[in-house]
Amino acid sequence: MTAIQFDPIRLPPEAQALRAEVRAFVRQEIDAGTFDPHRGALLLESNADFSRKVGARGWIGMTWPKRYGGRERSFLERYVVTEELRVANAPVGLHFTADRQSGPMLLKFAGERVKADILPRITRGECCFCIGMSEPDSGSDLFAAKTRALRCESGWRVRGTKLWTTGAHRADYMIGLFRTSAPTKDNRRHGLTQFLVDMTAPGIKVNPIANTLGQHEFNEVVFDDMFVPDEHALGEIDMAWKQAASELGYERSGPERFLEISYVLFELVRVLGSSPDARGAEGIGRLVAQLHTLRRMSVSVNGMLQAGKDPTLEGSIVKDMGTVWQQLLPHKARDLTAFIDGETHDRKRFDQLLAHATGIVPKLTIQGGTSEVLRGIIARGLGLR
Ligand SMILES: Cc1cc2nc3c(=O)[nH]c(=O)nc-3n(C[C@H](O)[C@H](O)[C@H](O)COP(=O)(O)OP(=O)(O)OC[C@H]3O[C@@H](n4cnc5c(N)ncnc54)[C@H](O)[C@@H]3O)c2cc1C
């Protein structure tokens, strides 16, 4: 059996200085009325001006090379920016996916012309990406994807449907996973290729799907003979199975995986007040201790990414435990406040946020890899299967 190895990493001093800078920026934006931190925002709520301001500060693509608009800073510094913007409920939806995973994928697998064109636009907060992996009959099992890309002169013609595509309605680009040939007898994962898709290309239809709260967050995306040029193929043709896993590594390891409804904890502390009874104090103590542990684990994963390691196992543990914790949080908060006055302003806001959080937490088990699938990865990482 393999041991779980979370490297004991602490945030370095430069990350603490950066935290103060991000907090001051966030405070300034809240004071200017750009967004309201006391609101149950969707993870990917967006504001184009805000993303441009974050880009101007150098906080998008901040680990990337300077020649593509990056700042060559560390993953731990990126961690701090992500964490501060998340806990403030900042509207990062326009740039978040590109910053977290699409940009790094282009850096690794796109040709020079595409990189020079798109990466600087991402870092300026001007370019929104979505992820086109899941399909009607292919979710956990990505290798069952059926959307076809057929060779044509100087490129590919795409037909098929992607499903649950978050933010496709506002995205400039998608990184899509398409079938370019049939699986082989020896390797059922063979035959898929990742492509950069211009969402304004003819032959794409984006149909909204409502989430559990009735909001428009994800979509069905239908491709009807859409053309993709050769230079938008990413990496090796038919070999996406080697690439998609590294994308999921970026997708699963960040603090957003346990901070999506952190506002519930902050409001709970406010409602319980400065001298909670023993039960309230014990409840808050437990929740904060659990959050602190998740945070140390996530910092560790980011430190391991910085060191060039592959923390797939550890990242999956953070995502799974983050989901369990977040799904417990609204119940615990309701329980701890059951006998507290229902008329104050703080209490009303708390109840609204709690209702919002309760409505969205079921999706956490599914998005970014289901809990069962993650536990399968963890079991494999431990050598148990
Ligand atoms: C809020 C949200 C946003 C999303 N955004 C995107 C997006 O932007 N882009 C995108 O491509 N997709 C997105 N998805 C889709 C998501 O990635 C898939 O829903 C997910 O991978 C599960 O796939 P599925 O829905 O086909 O379910 P299935 O894969 O059919 O799973 C059904 C059930 O079977 C279980 N199961 C499946 N395989 C195994 C296994 N090997 N071992 C044990 N149990 C298993 C699952 O855990 C689950 O309980 C999003 C989903 C949500 C909820």
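**A guided tour of buried charges and a nonpolar core**

Begin by selecting Glu-217, which is buried, with a relative accessible area of 8%. The model on the screen is a predicted one. Glu-217 belongs to strand E7 (residues 216–229) and Lys-363 to the loop between H11 and helix H12 (371–381), so the pair ties together parts that are 146 residues apart in sequence. Lys-363 is itself buried, at a relative accessible area of 14%.

Proceed now to the largest nonpolar core, which has 38 residues; Ile-261, Val-264 and Leu-268 touch the most other members. Among the elements that give two or more residues to this core are helix H8 (262–272), helix H9 (278–306) and helix H10 (312–336). Colour domain 1 (13–127) and domain 3 (254–381): both give residues to the core, so it lies between them. Which residues does Val-264 touch, not counting those up to four places away in sequence? They are Leu-329, Ala-333, Phe-350, Leu-353, Leu-354 and Ala-357.

Then select Ser-298 in helix H9. Ser-298 counts as buried because its relative accessibility is 0%. Leaving aside neighbours within four places in sequence, its contacts include Tyr-79, Phe-258 and Val-318.

Finally, select Glu-77 and Arg-73, whose side chains form a salt bridge (3.1 Å, N to O). Glu-77 is buried, at 7%, whereas Arg-73 is partly exposed, at 28%.

Methods. Residues numbered from 1 in each chain as written. Predicted model: local features only at pLDDT ≥ 70, side-chain atom pairs only at ≥ 80, totals over all residues. Heavy atoms only, no water. Core = buried A, V, L, I, M, F, W, Y, C linked by side-chain atoms within 4.5 Å. Buried < 20%, exposed > 50% of the residue type's maximum accessible area, 1.4 Å probe, protein only. Helix = DSSP H or I, 4+ residues; strand = E, 2+ residues; numbered from the N terminus. Domains from an automatic or database assignment. Contact = heavy atoms within 4.5 Å. Salt bridge = Lys/Arg side-chain N within 4 Å of Asp/Glu carboxyl O.
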